[in-house]
Amino acid sequence: LLFLHVAMAVIWVGGSLVMQLFAFRVSLARDPARTAALGRDLEWIGTRVFVPASLLAFLSGVLLVVESDFLGFGDDWIVMGLLLYAVTFFAGLLFFGPESGRVGKLVHEGSPEAGRRMARLIFLTRLDLVLLFLIVFVMTVKPSWNDQALLTGIVGALLAAGIVWWRYRAAIAPAPPPSEPPSATSA
């Protein structure tokens, strides 16, 4: 059970990180066909890989607690992990997967809304990745509600989320107007 739990978490978190790297490469290419393909791929991988892996990670984790003589569902770190899991699982199931498909379709159609929606989707999935790493932190450090380690994890997650927000704001900022070349009379 522990192997299954860890393996599914590795697939889920590692796969999410790899998808972010692909999204970064696609954003640099500025190729609408490649962006549309990425949206379709994210939807496919989300529903066929991330959802099953996250469900198996959850179920094996629950079974580990049930089978254990020293773990309980009232343990602070288990409660934290379950709360964070619920947020990221339902965000992926109800929003990220379907929205990836919708954005891919908009890009394929050449919709002017596609770029803005893709940027928002990438931003939100990066925040989700921060949550996934916070889950890994909670599962490995096992903090309690009044533990200094919990504060460390939260501060780290907030810093990472701040960097993600800053990059998102930079990505959606309007391009500055082109500067006028100096005229011959201004010299």
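## Helix α1 against α4

α1 passes α4 in a left-handed crossing. A crossing is left-handed if the near helix is turned anticlockwise from the far one by less than a right angle, and right-handed if clockwise. The two helices, α1 and α4, pack at an angle of about 150°, with their axes 10 Å apart. That makes α1 roughly antiparallel to α4. Angles over 145 degrees count as roughly antiparallel, under 35 as roughly parallel, 65 to 115 as roughly perpendicular and the rest as oblique. Axes here are lines fitted to C-alpha atoms, for helices over the stretch in contact, and angles run from 0 to 180 degrees between N-to-C directions.

On the α1 side, the contact is made by H5, W12, V13, S16, L17, Q20, A23 and F24. On the α4 side, I122, T125, R126, L129, L132, F133, V136 and M139 take part. Contact means heavy atoms within 4.5 Å. The residues of this α1 and α4 contact divide into 11 nonpolar, four polar and one charged. Ala, Val, Leu, Ile, Met, Phe, Trp, Tyr, Cys and Pro count as nonpolar; Asp, Glu, Lys and Arg count as charged; the others, Gly among them, count as polar.

## Basis of the model

This is a predicted model: local features need pLDDT of at least 70, side-chain atom pairs count only at pLDDT 80 or more, and totals for chains, interfaces and linings use all residues. Residues are numbered from 1 along each chain as its sequence is written, and side-chain values use heavy atoms, with hydrogens and water left out.

## Inside helix α1

Helices (H or I, at least four residues) are DSSP runs, numbered from the N terminus. R30 follows α1 and has a positive phi, near 50°.

The buried residues of α1 are H5, A7, M8, W12, V13, G15, S16, M19, Q20, A23 and V26. Buried means under 20% relative accessible area, exposed over 50%, and partly exposed in between (1.4 Å probe, protein chains only). These buried residues pack against α2 (32-67), α3 (76-109) and α4 (114-141). V10 also lies in α1, but counts as exposed at 54% relative accessibility.

## Helix α2 against α3

The axes of α2 and α3 come within 8 Å and cross at roughly 160°. α2 and α3 are therefore roughly antiparallel to each other. α2 passes α3 in a left-handed crossing. Residues of α2 in the contact include G39, L42, L55 and F58. Their partners in α3 include Y85, F89, G97 and G101. The residues of the contact of α2 with α3 divide into 13 nonpolar, eight polar and two charged.

## W77 and K142

W77 lies in helix α3. At 14% relative accessibility, W77 counts as buried. W77 touches L71, V138, M139, K142 and P143, not counting residues up to four places away in sequence.

K142 lies in the loop between α4 and α5 (148-172). At 41% relative accessibility, K142 counts as partly exposed. K142 has a positive phi of about 55° although it is not a glycine. Most residues other than glycine have a negative phi.
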